[in-house]
Amino acid sequence: MIRLAHRIAGLPAAARGALSLAAGAISAMGLPPFDLWPLAFIGFTLFLLLLETGKRVTWRSGFGIGWLFGLGYFALAFHWIGFAFLVEAATYLWMMPIMLGILAGGMAIYWGLAAVLAIRFGGGGLRLALSFAVFIAVAEWLRGHLFTGFPWAAPGLIADGMGGLAQAASVIGMTGLTLLIVLWAALPYVLLVESRRRSLAAVALFLLLPAAWAWGDLRLAAAPGATVPGVALRIVQPDVPQQEKWREDNARAIFDTLLRLSSMPTRERPEGIGGITHVIWPESAVPFLIDESPAAKAELQPLLGGRTVLITGAIRLDRKPDQEPDVHNSIIVFDGNAEPVAHYDKWRLVPGGEFLPLGWLLEPLGFRKVVKTPGSFVAGPGPITMTLPGGLRAALSVCYEAIFPDALIADGPRPELILNVTNDGWFGRSTGPWQHLAQARLRAIEQGLPVIRAANTGISAVIDPYGRVVSHLPLMEQSVIDSALPVALDGTLYGHWGDWTLFLLAAVAFAAALSVKNTTRTG
């Protein structure tokens with residue numbers, strides 16, 4: 001083991017950099033849908049060996065090793081984004097390597113800074129492992145908040161493949177899970193380089209992993225499966241290919257598909273829509289302004305029959321006198337008479353998709369946002385809890401808003417569900433839709449609320465408040481889900497306190513790190 005550390009220390013800088021890049025990619029294999037979480041333990045262990053064993057660890061070399069590690073991790077974790085540039089390849093393909101490189105490299109800066117801080121405060125061994133886990137958690141929290149935030153593929157998401165461990169999100173949230181998973185993944189490194197006494201301390205810390213896993217399994221075993229009386233949901237997955245979704249000549253066919261699926265008989269509902277209380281269509285379900293269309297209203301009325309509520313993703317215009325209308329990516333609610341009675345406007349917009357950051361600089365260079373609208377989308381005012389016709393309270397979100405643990409639920413009366421509409425058709429059969437679903441599962445666990453997810457091409461799902469997928473539709477399948485609504489929990493510790501539980505955990509871990517004597521010299 002000591003020989004391994006010495007061999008790594010003797011490697012030239014280029015080889016160390018390449019190894020760090022590879023270690024990051026190996027670690028990302030722990031994310032869904034691969035769920036090869038033991039590889040994350042190998043990747044983080046290798047990285048910390050590289051970080052500590054340099055002949056002279058400086059601010060610059062520590063940042064470089066950390067940045068390359070993050071680059072490898074995010075390049076693999078984000079590769080699915082490249083599929084969006086293939087939808088209209090003649091227009092967008094040239095942008096793909098540039099945009100992916102900027103995104104992965106930009107996110108890796110957070111990890112490079114975390115590595116610098118860890119090596120300066122932590123030195124080596126157990127102290128380094130604890131410090132690095134804390135600073136990565138802080139970096140991930142910042143990554144989710146600064147510059148609009150983009151917390152996709154946080155290491156805490158690795159818990160998706162670790163059984164009951166994911167239940168810890170109800171206490172410490174996704175970023176708290178990031179701290180613990182990175183710490184546990186770093187402990188094999190401690191065993192390689194530390195004394196027997198500190199190795200025993202590392203083993204004791206590692207035993208918290210099976211303990212937390214077992215606690216989660218017990219929580220799941222004791223979880224009831226109650227459903228809300230009088231609520232019957234139909235989630236519609238039309239599976240419209242992205243290349244065809246915005247063609248005007250397809251509007252009739254797309255609307256007909258949605259109407260047919262909404263009214264079709266199923267094994268659960270042989271009478272068709274009879275008895276269904278809520279029909280849910282995915283993000284931007286139709287390529288026209290459905291709330292402004294008298295023809296659409298006339299066709300929706302017999303479908304809804306005066307009793308069924310339609311909740312659909314849609315493009316919505318906010319018209320103002322003598323001004324260009326604002327364009328919103330919205331959820332529109334129609335009552336049983338097909339009247340639009342409420343709407344929610346997406347407020348976390350996708351950079352590069354729904355608006356172009358630094359457009360004044362990038363547009364002259366030929367860069368364009370991927371979603372075509374007249375101008376950019378306008379953000380809504382923020383999260384809301386909407387009372388739907390019939391009295392059901394829902395926290396609404398569109399697409400990637402579900403990846404943010406914070407500000408998902410508005411202040412005020414607690415909702416009974418989280419409703420998320422999305423269109424992952426941009427990303428084909430890549431890893432993106434699976435990671436999107438996994439993040440929705442974590443939101444359910446964190447908040448103790450069921451998540452109802454309608455996705456154009458999949459993966460549509462009903463998720464209970466413990467993150468269990470009650471029912472789902474596979475990718476690229478045109479069908480519906482008929483389901484009852486799982487009963488929400490009264491609340492969770494994370495739902496009440498939010499990231500304060502993370503900050504407490506980080507403070508304890510950092511205090512523990514500072515209590516360990518520094519064993520490595522740095523320059």
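R441 and D160 form a salt bridge in which the closest N and O atoms are 2.3 Å apart, the term standing for a side-chain nitrogen of Lys or Arg within 4 Å of a carboxyl oxygen of Asp or Glu. This pair links distant parts of the chain, since R441 belongs to helix α15 and D160 to the loop between α7 (125-143) and α8 (169-193), 281 residues apart; helices (H or I, at least four residues) and strands (E, at least two) are DSSP runs, numbered from the N terminus. R441 is buried, with a relative accessible area of 18%, where buried means under 20% relative accessible area, exposed over 50% and partly exposed in between (1.4 Å probe, protein chains only).

The model is predicted, and local features need pLDDT of at least 70, side-chain atom pairs count only at pLDDT 80 or more, while totals for chains, interfaces and linings use all residues. Residues are numbered from 1 along each chain as its sequence is written, and side-chain values use heavy atoms, with hydrogens and water left out.

By the rule for salt bridges the count comes to 16. Another of them joins R453 to D424, with the closest N and O atoms 3.1 Å apart; because R453 lies in strand β9 (residues 451-455) and D424 in the loop between β8 (417-422) and α15, the pair ties together parts that are 29 residues apart in sequence. R453 is buried at 0% relative accessibility, and D424 is buried at 2%.

Leaving aside neighbours within four places in sequence, H436 is in contact (heavy atoms within 4.5 Å) with W152, C399, Y400, I403, T422, D424 and R453. A polar atom of the H436 side chain lies 3.3 Å from the backbone oxygen of C399.

Aromatic pairs, of which the structure holds 26, are rings of Phe, Tyr and Trp (its six-membered ring) whose centres lie within 6.5 Å, with planes under 30 degrees apart counted as stacked, over 60 as edge-to-face and the rest as tilted. F47 and F69 form a stacked pair, 4.3 Å centre to centre with 15° between the planes; F47 lies in helix α3 (residues 37-52) and F69 in helix α4 (residues 59-77), so the pair ties together parts that are 22 residues apart in sequence. F47 is buried at 0% relative accessibility, and F69 is buried at 1%.

Technical notes
Polar contact = N/O pair within 3.5 Å; in protein donor to acceptor, adjacent residues only side chain to side chain.
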